Amino acid sequence: MPSAWALPTFGEVRADFRPSDTLVLSREGEVLQRLRTDATVRRGQWVPLAEVSPALRTALVLSEDKRFYEHSGVDWRAVSAAAWGNLWNQRTRGASTLTMQLAGLLDGDWRQGAGGRSVVQKLGQTVAAQVLERRWRKDQVLEAYLNLVPFRGEIVGIDALSRTLFGKAAHGLDEREAAVAAALVRAPNARPALVAQRACGVLREMQKPVVPSCDALDLFTTAALQRRAFDGADGVAPHFARYLLRQPVAAESGDAAPQRRERVASTLSAPLQRFAVQTLHQHLRELQGRNVEDGAVVVLDNATGEVLAWVGSSGALSQAGEVDGVLAPRQPGSTLKPFLYAQAFAEQRLTAASLIEDSSAHIPTASGLYIPQNYDRQFKGWVSARTALAASLNVPAVRTLVMVSPDAFFRQLRALGLPLRESGDYFGYSLALGSAEVPLLHLANAYRALANGGRYGPVAVTPAQGGGAPRAAAAAPAMDPRAAFLVGDILSDGNARARTFGTDSVLATRFWTAVKTGTSKDMRDNWALGWSRRYTVGVWVGNASGAPMHDVSGTSGAAPVWAEIMGWLHRGGPGPGVRSRSPAPPEGMVQAAVRFGPEPGGARLIESARQEWFIAGTQQPLFAIDNVAEQPIKTAASGQNRPNPGPGATEDGLQAPAPRILSPAPGTIVALDPDIPPDRQRLQFAATSVQPKARSDLRWRIDGRVQGRGSQWAWLPWPGRHRVELLDGGGQVLDTISLEVRGAGLKK
């Protein structure tokens, strides 16, 4: 039998063993996650014989091969007894030894088919068993058999059997459990009653001369065979493990075979991963009652891009625990603003001290008026770009996007790795406020580019191979480093964010960090992303279903989780503790003193004087708003007789143009936002007028009913198509436009 001599060695069998699970290891070598990767079989880890309970070893030998330690592969006494029984048509136990059964497991040629083994198969199995006994030790035969033998259904090997039916490791099996396991070897798919009957026989053999009672064994066996305690996944990083195992595996140098996947090393830090999971769960429990059940965390190493922590969901707290919040696209809200201002700084459209008006804005678009609002529904007047970004003011961001253009901003976001599916024109000016959807992983990596001076590089989930090029070298410039420095300096400025978040915010850390929060439409998503010198941390909280949260702000949602993780990292995270200091300015930056002029119409300064960073060549000492006076009305020469002015004429006798509607424009379409109170969405009407008396006499009539008066008036809109007429004091129609209001509203 030539194939009998080609049997593998014990070492080869052990090396070729493949569990149905893959173990994901941390950077420290700890098991982070066990994940089932073979759905065709349920096979656990290889169990050394020393880690198998003595009761099971005894039960197996008594049940399958009583003279296992005496024969040399074939039990000739059992063979003779079986032959004699067959001659007289008597039912006897088979003569197959554990070694012979192992030979059948190792070589399919000797495996028993539906009609039993043929004479040739029996002879080949006999020879193979004797070859095994000469080459292998007895303990190796028993160890391999226990790990390769099928037990029941898809269960193969003692590790899978122990964990599935008994919920414990193989070393913990007692005599009763061992008897059931041994009984399953002979009849893997028998009925529970038959398995219990055979297990009782094994148990009596084990406990001689005492005769045990098997009264409860039937019930115990039935319960065990119905149990499925061996879950398909176990650990603290299930979502990361699935992502890691989807990545292509590089073959070893000079070897075309795929890398073995029994154990896979990763970049995750086990202590940090456990802390991130615990912190997220604890904070979400504190938010119970506010309709928040999901969250996600990702931590990146700034220098290498290695993922140090990846928490995809809140697990048992969520109704959608399988959804990976690190990869799920969500609206990022204000977290896109840093990239917008960075682009405006790089293009020298703004400096950090440039003044932008935070006031009601009506921006005409192809689909109607776009009317952005601030987070706190209040306007701050004129503010510097530093304050506008740090305090997360929406209207200045939209005005900045008007300067940059949505299409150019879209290209900048794509250069930073954000996978936006549509064009900039598709999102329009709402792109400044995060109307696009991006995953947390990509957004955190874009923030990592800010931390690295505008250099963008991919993230890494597996450790770098020894001798390879540093991963930092793979980063490429995606943004002006001077602009990235400016944004980092602004987002680390606690005084600048005080206008919205106060001076004692959870965002203020004891070490240097730059951080930005964001909230999407209808409070469906809440974000906190920021970086220190070494780490970038991104946090998202919300609901995987898209349901809105209740009363969750930028500092009460994701920010506390961000602050705790960032604090832990600088208290002793992975690797040596690193104190985070503010980064040094890149070449081409200058710091200069700046002053601000008074607010228009007031004596108070727009902002206090300070030292400000500028891209070289853009600095100036004073930033102020010039008050533009109205054009004076020309009068006739002194002493000239002047007739009384008639209707529509000025006091100097010159005919004044009739008042006209300045805004809104004819054909305007206004879309009401259901998430903003109706009283905060008033539409501003304005008309031209040159006489103070004429201004107060003007009337606004909508759909045949007078609704307001004066040259300027704020209207509370309601849905529908409307005809707007401007009337003078005598009721004469001076101008007419039509407009449409879409969305929910209250008619008043």
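Predicted model: local features only at pLDDT ≥ 70, side-chain atom pairs only at ≥ 80, totals over all residues.

Tutor: Residues are numbered from 1 along each chain as its sequence is written, and side-chain values use heavy atoms, with hydrogens and water left out.

Student: Why is Ser 392 called buried?

Tutor: Buried means under 20% relative accessible area (exposed is over 50%, partly exposed in between; 1.4 Å probe, protein chains only). Ser 392 has a relative accessible area of 9%, so Ser 392 is buried. Ser 392 is found in the loop between α14 (385–390) and α15 (394–404).

Student: What makes the pair of Ser 392 and Lys 516 side chains a polar contact?

Tutor: The definition asks for N or O atoms within 3.5 Å; within protein, one must be able to donate a hydrogen and the other to accept it, and residues adjacent in sequence count only if both atoms are side-chain atoms. The two side chains make their contact at 2.8 Å, within the limit of 3.5 Å.

Student: Why is α8 called oblique to α9?

Tutor: Helix α8 (residues 175–186) and helix α9 (residues 192–206) pack at about 125°, with axes 8 Å apart. Under 35 degrees is roughly parallel, over 145 roughly antiparallel, 65 to 115 roughly perpendicular and the rest oblique, so α8 is oblique to α9.

Student: How do you know that α19 is mostly covered?

Tutor: In helix α19 (residues 481–491), 8 of the 11 residues are buried, including Phe 485 and Ile 490.

Terms used. Helix = DSSP H or I, 4+ residues; strand = E, 2+ residues; numbered from the N terminus. Axes fitted to C-alpha atoms, helices over the stretch in contact; angles between N-to-C directions.
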